[in-house]
Amino acid sequence: MNENIVKGNEIKGKFVVESLKRRGFEAEYVSNREEALKRILEIIPKDATVGIPGTVTIREIGAMDALQERGNKIFQHWGQMSKEERRLARFKENEADVFLTSANAITQDGEIINIDGTGNRVAGMAWGNGLVLFVVGINKISFDLTDGIKRARSATIPNAVRQNEMTACRKAGHCVKCLDEASMCRAILILEQAVKERNYHVILVGENLGY
Ligand code: SF4
């Protein structure tokens with residue numbers, strides 16, 4: 001990556017880390033996915049159970065494989081499973097010792113934004129059983145809440161392709177604020193501060209990750 005971009009990302013990322021800290025989130029900046037993976041493996045105890053919801057970022061950086069290889073029990077709902085198995089897996093993800101996820105957007109001011117179709121991911125973020133560990137690429141930083149919600153909705157088209165859902169935005173090429181059966185935008189969570197009695201840690205990564 002161009003060194004000016006590396007430095008620029010660091011300046012932006014460190015500013016957002018301070019914004020997150022003001023809102024009660026533990027937060028840190030790392031410059032790339034390798035450092036992010038190292039920190040994930042340091043932060044999560046080797047004997048912890050880990051719930052990983054539908055997140056591309058966590059899989060992109062290899063955290064799923066690395067955690068499994070060293071013996072962490074993983075709960076997830078990707079891949080071939082029945083509807084009932086998927087439903088139960090989502091509950092187990094939220095009950096795990098660590099809920100490991102990304103976010104759709106983080107504002108410069110430190111608000112964390114997520115849009116969800118099923119509700120399991122936003123539930124885990126607000127009421128996860130143990131540590132909620134976010135790993136978020138620099139591409140998710142947004143100017144303000146309006147910008148962040150737009151950014152979150154823009155992730156729906158690639159997510160619809162991944163999940164083989166024919167959403168209205170996939171057909172139109174942009175969000176049409178649908179209320180369709182296929183809608184993947186049914187619940188929005190804005191974490192304005194660390195929720196009481198929850199533990200949060202945000203690793204902000206100086207490269208593009210996820211959608
Ligand atoms: S068109 Fe519907 S599913 Fe697509 S981003 Fe907009 S609200 Fe979400």
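How do strand 4 and strand 7 pair, in the parallel or the antiparallel sense, and over how many bridges? In this predicted model, the two strands pair in the parallel sense, over four bridges. Strand 7 covers residues 131-137. Two of the contacts can be followed residue by residue. F99 has V132 of strand 7 as its bridge partner. L100 stands opposite L133, also in strand 7.

Now turn to the other neighbour of strand 4. Strand 2, residues 49-52, pairs with strand 4 over two bridges. This pairing is parallel as well. Here V50 has V98 of strand 4 as its bridge partner.

Strand 4 itself runs over residues 98-101. A residue counts as buried if 20 or more other C-beta atoms lie within 10 Å of its own.

Step back to the whole sheet. Strands of a sheet pair through backbone hydrogen bonds, either parallel or antiparallel. This open sheet has six strands in the order 1-10-7-4-2-3, and the pairing is parallel. Strand 1 (26-30) and strand 3 (73-76) are the edge strands, and each pairs on one side only. From one strand to the next, the twist averages 20 degrees.

T107 stands opposite S142 of strand 8.

Next, the helices. Two packed helices are described by the angle between their axes and the distance between the axes. Helix 5 spans residues 83-95, and helix 6 spans residues 120-127. Their axes come within 9 Å and cross at roughly 20 degrees. That makes helix 5 roughly parallel to helix 6, because angles under 35 degrees count as roughly parallel. The crossing is right-handed.

What surrounds the ligand? The shell includes R153, T156, T167 and A168. C169, C175, V176 and K177 are also among the surrounding residues. C178, S183, M184 and C185 belong to the shell too. By class, the shell has seven nonpolar, three polar and two charged residues.

One member of that shell deserves a second look. K177 has a positive phi of about 55 degrees, although K177 is not a glycine. Where does K177 sit? K177 lies in the loop between helix 9 (168-172) and strand 9. Is K177 buried or exposed? K177 is exposed, with 9 other C-beta atoms within 10 Å.

E197 also has a positive phi, near 65 degrees, and is a residue other than glycine. E197 is in the loop between strand 9 and strand 10 (199-205). With 6 C-beta neighbours inside 10 Å, E197 counts as exposed.

Key
Residues numbered from 1 in each chain as written. Predicted model: local features only at pLDDT ≥ 70, side-chain atom pairs only at ≥ 80, totals over all residues. Near = placed C-beta within 6 Å. Nonpolar A, V, L, I, M, F, W, Y, C, P; charged D, E, K, R; others polar. Buried ≥ 20, exposed ≤ 12 C-beta atoms within 10 Å, placed from the backbone. Pairing = 2+ DSSP bridges. Axes fitted to C-alpha atoms, helices over the stretch in contact; angles between N-to-C directions. Parallel < 35°, antiparallel > 145°, perpendicular 65-115°, else oblique. Left-handed = near helix turned anticlockwise from the far one by under 90°.
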